[in-house]
Amino acid sequence: MALAALNHSRGRHRLRVLAFMSPWLIGFAFFFAYPLAATVYFSFYRYNLFQLRPVGLTNYRFLFKDPYAWKAIKNTLWLVVVMVPLRVLFGLGLAQLLTRVRRGGNLLRSIFYLPFLIPPVAATVAFVFVVNPGTGPVNGIAAKVGIHLPDWFNDPAWTKPGLTLLALWGIGDVMIILLAALLDVPKTLYEAAAIDGANAWQQFRRITLPTISPVLMFSVVTGVIQTLQYFTQAMVAANASQGNADQAGTTTAPGYPDGASLTFPQDLYNEGFQQFNMGYACVLALMLFAVAMVFTLILLRRFHAFADDD
């Protein structure tokens, strides 16, 4: 009798737990598990939204010989390796600077944060116009003082550095997060280190970095995930530099100039919603998901190892 009552109590407890978890479970099932399963299913078919024909592993085999996909992978990895560290370092440098400013700190925070509030499309169009060699003021002013800047978004060699400069201009999100972390470091630790004779670099290396390492990890991981999904700025910069306005019904090929701005999400969008190769687009989506997971796991392990060493 007591055992039956105990089992009944455990059953009611499980039901209560499931009831509290049901909103998350329902959301996970409908917005993650089902789309992921459907993506895997359609990746084995040739699907153009009207016809569904099984092709086995053909879509996966085509990925290894698709020159556009590998060009997009190369460009996206370049942005991950270069853009993400520069954004974190630049944001950390600005945050460090703002912690030492005694007058006008609030005004400087607002100035540095404002570009991040501009919608990405408007910010990209404005940036492309400003650095345009023919009409932009930046290249014109630089030319008057003897500095010849490149044609950022019309030269394949400078397109990705131009996108990186655009990302550094909108550094407000990273800066404000790292600034909050720096302000949260106890000042008593710095005072004790100064008494022990630690210089500024030693204080930064032994106190600041270990203390803000969770926030640094968050900034790097989210930056990698966002860069792997980099789409809007690259697409708008390519269209703006060509003088095109993307309108309904247009099918302009992404990646101008010469594929230099082609990112993996752009290739996925082009295959799925312009070429209607939905089966192959599902393969690209799965690859993007897998790469994001691998990057995240590697970064988490590295940051945990760094924290353990300190």
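In which hand does helix 3 pass helix 7? Helix 3 passes helix 7 in a right-handed crossing, and the legends below take a closer look at this pair and its surroundings in a predicted model.

Figure 1. Along the principal axes, the C-alpha trace spans about 80 × 60 × 30 Å. Of the 310 residues, 36% are buried. Among contacts with a separation of 6 or more, 69% come from residues 24 or more positions apart.

**Figure 2. Helix 3 meets helix 7 in a right-handed crossing.** Here we look at residues 67–100, which form helix 3, and at residues 156–169, which form helix 7. The two axes come within 10 Å and cross at roughly 30°. On the helix 3 side, the residues to look for are N75, W78, L79, M83, L86, R87 and F90. Their partners in helix 7 are K160, P161, L163, T164, A167 and L168. Sorted by class, this contact has nine nonpolar, two polar and two charged residues.

Figure 3. Leaving aside residues up to four places away in sequence, N75 touches K160, G259, A260, S261 and L262. One of these, K160, brings us back to the previous view, as K160 is in helix 7 and belongs to the contact with helix 3.

**Figure 4. Helix 8 packs against helix 10 at an angle of about 155°.** Helix 8 covers residues 172–183 and helix 10 covers residues 200–228, with their axes 9 Å apart. Since angles over 145 degrees count as roughly antiparallel, helix 8 and helix 10 are therefore roughly antiparallel to each other. Their crossing is right-handed. Helix 8 contributes I177, L178, A181 and L182 to the contact, while helix 10 contributes T208, I212, V215, L216, F218 and S219. Eight of the residues in this contact are nonpolar and two are polar, with no charged residue.

Key:
Residues numbered from 1 in each chain as written. Predicted model: local features only at pLDDT ≥ 70, side-chain atom pairs only at ≥ 80, totals over all residues. Heavy atoms only, no water. Axes fitted to C-alpha atoms, helices over the stretch in contact; angles between N-to-C directions. Helix = DSSP H or I, 4+ residues; strand = E, 2+ residues; numbered from the N terminus. Parallel < 35°, antiparallel > 145°, perpendicular 65-115°, else oblique. Left-handed = near helix turned anticlockwise from the far one by under 90°. Contact = heavy atoms within 4.5 Å. Nonpolar A, V, L, I, M, F, W, Y, C, P; charged D, E, K, R; others polar. Buried < 20%, exposed > 50% of the residue type's maximum accessible area, 1.4 Å probe, protein only.
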